[in-house]
Amino acid sequence: MKFAQKLLLAAALSCSGSAVAETIGVSMAYFDQNFLTIIRQSIDKEAKARGLEVQFEDARGDVGRQTDQVQSFISAGVDAIIVDPVNSAGTPAITKLVHQANIPLVYVNRTPGDVKLPAGVVFVGSDEKESGKMQMEALAKLANYQGNVAIMIGNLTDAGAVQRTKDVEQVVAKYPKMKVVLKQTANYSRNEGMDLMLNWLTNGEQIDIVAANNDEMAIGAIMALQQAKKTDAKILVGGIDATPDGLKALASGKMQVTVFQDAVGQGKASVDVAQRLIKGEKLEPYYWIPFELVTKENMQSYIDKQ
């Protein structure tokens with residue numbers, strides 16, 4: 001947090017009287033990622049609707065920066081903190097800092113790496129054991145349960161990406177005529193997904209299905225197929241998140257499957273949980289928002305959800 005912002009926030013908190021709004025500090029892993037942008041906008045809208053002050057900070061993918069931001073929120077005396085983790089491995093240190101300060105903490109979207117969340121700390125998100133399974137079962141059916149599968153992994157330090165990848169592998173293992181031939185990280189990035197797919201194609205890899213841990217990497221794979229003029233190769237591509245861009249790719253027939261992860265719902269719920277914790281409510285450590293399979297046939301009902 002910038003020094004001037006800290007002073008303004010601290011000054012607001014020091015004012016007396018009932019007019020002082022409860023303040024929530026929010027550290028996002030990134031500001032400029034499609035899905036996370038939707039979550040951030042949802043948090044902002046919900047906080048304003050509830051009369052809450054909200055201070056956003058961009059960790060820019062840096063765990064150290066995110067930890068410093070959380071420390072700044074603690075020093076400024078915020079009423080609650082919401083963290084979209086840069087990675088799962090960095091959350092135990094953040095949890096310890098915030099818990100010791102006796103400030104409610106809500107993790108949103110990315111599963112924290114803590115063995116156990118203490119009282120006053122809640123994770124709001126979706127159960128990753130569902131997403132990869134939904135994605136791969138749908139792709140397997142479209143492929144008539146045969147073919148070579150390439151997996152684009154989000155990030156090896158992210159528990160969600162690891163689980164999604166494991167889910168895909170478990171589904172593929174069920175079908176004798178299917179096998180995972182490639183798996184590599186592309187950091188949830190469209191550009192890195194494109195580069196990775198181009199590299200696979202250049203190396204002459206035989207791929208029938210691309211199962212990407214998110215829509216951004218799936219879109220990157222589609223862009224690579226277009227650049228390599230492989231659009232007639234009938235390579236099936238699946239993503240996860242059902243972002244607006246993902247739904248556009250689905251509508252065009254370039255992506256065959258995605259899985260709806262409710263970014264708006266996660267943002268709203270994280271604010272609701274934070275406010276309830278501020279009020280002293282005792283909540284369960286995990287607040288689940290279900291995944292839903294999205295195909296071209298049912299996608300219309302999801303367009304207005306993001």
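# Close-up views of a predicted model

**View 1. Surroundings of M299 in the predicted model.** Leaving aside neighbours within four places in sequence, M299 is in contact with L247, L250, A251 and V294. This model is predicted rather than determined by experiment, and M299 is found there in the segment after strand 12, which covers residues 292–294. With a relative accessibility of 8%, M299 counts as buried, because the limit for a buried residue is under 20% relative accessible area. The C-alpha atom of M299 lies 26 Å from that of N148, and these two residues are 151 residues apart along the chain.

View 2. When neighbours within four places in sequence are left aside, the contacts of V271 are I43, E46, A47, R50, L52 and I82. Between the C-alpha atoms of V271 and L36 there are 15 Å, although the two residues are 235 residues apart along the chain.

**View 3. The largest nonpolar core and the residue V149.** In soluble globular proteins, nonpolar side chains tend to be buried together. The largest nonpolar core of this chain holds 43 residues, and those that touch the most other members are M136, V149, M152 and M197. Among the elements that give two or more residues to this core are helix 5 (128–142), strand 6 (147–153), helix 6 (159–173) and strand 7 (178–185), while helix 8 gives the most, with 7 residues. Which residues does V149 touch, not counting those up to four places away in sequence? They are M136, V168, V172, M178, K179, V180, V181, L182, I209 and A211.

**View 4. Two residues with a positive phi, R60 and Y188.** Neither of these residues is a glycine, yet R60 has a positive phi of about 55° and Y188 has a positive phi of about 60°. The residue R60 sits in the loop between strand 2 (53–58) and helix 3 (63–76), whereas Y188 sits in the loop between strand 7 and helix 7. Is R60 buried or exposed? Its relative accessibility is 56%, so R60 counts as exposed. For Y188 the relative accessibility is 10%, and Y188 therefore counts as buried.

**View 5. The whole chain, as a setting for the close-ups.** The secondary structure of the chain comes to 10 helices and 12 strands, and the C-alpha atoms fill a box of roughly 65 × 35 × 35 Å along the principal axes. A compact globule of 306 residues would have a radius of gyration near 19 Å, and the 20 Å of this chain agrees with that. Buried residues make up 53% of the 306 residues. Of the contacts with a separation of 6 or more, 74% are between residues 24 or more positions apart. The accessible surface comes to about 13900 Å², and 49% of this surface belongs to carbon and sulfur atoms. The chain also carries 32 positive and 35 negative side chains, with the centres of the two sets lying 3 Å apart.

Conventions: Residues are numbered from 1 along each chain as its sequence is written. This is a predicted model: local features need pLDDT of at least 70, side-chain atom pairs count only at pLDDT 80 or more; totals for chains, interfaces and linings use all residues. Side-chain values use heavy atoms; hydrogens and water are left out. Helices (H or I, at least four residues) and strands (E, at least two) are DSSP runs, numbered from the N terminus. The radius of gyration is taken over C-alpha atoms; the globule rule is 2.2 Å times the number of residues to the power 0.38. Buried means under 20% relative accessible area, exposed over 50%, partly exposed in between (1.4 Å probe, protein chains only). Contact means heavy atoms within 4.5 Å. Accessible areas come from the Shrake-Rupley method with a 1.4 Å probe; for residues, only the protein chains shown count as cover. Lys and Arg count as positive and Asp and Glu as negative; His and the chain ends are not counted. The place of a charge is taken as NZ of Lys, CZ of Arg, CG of Asp or CD of Glu. A nonpolar core is a set of buried Ala, Val, Leu, Ile, Met, Phe, Trp, Tyr and Cys residues joined through side-chain atoms within 4.5 Å.
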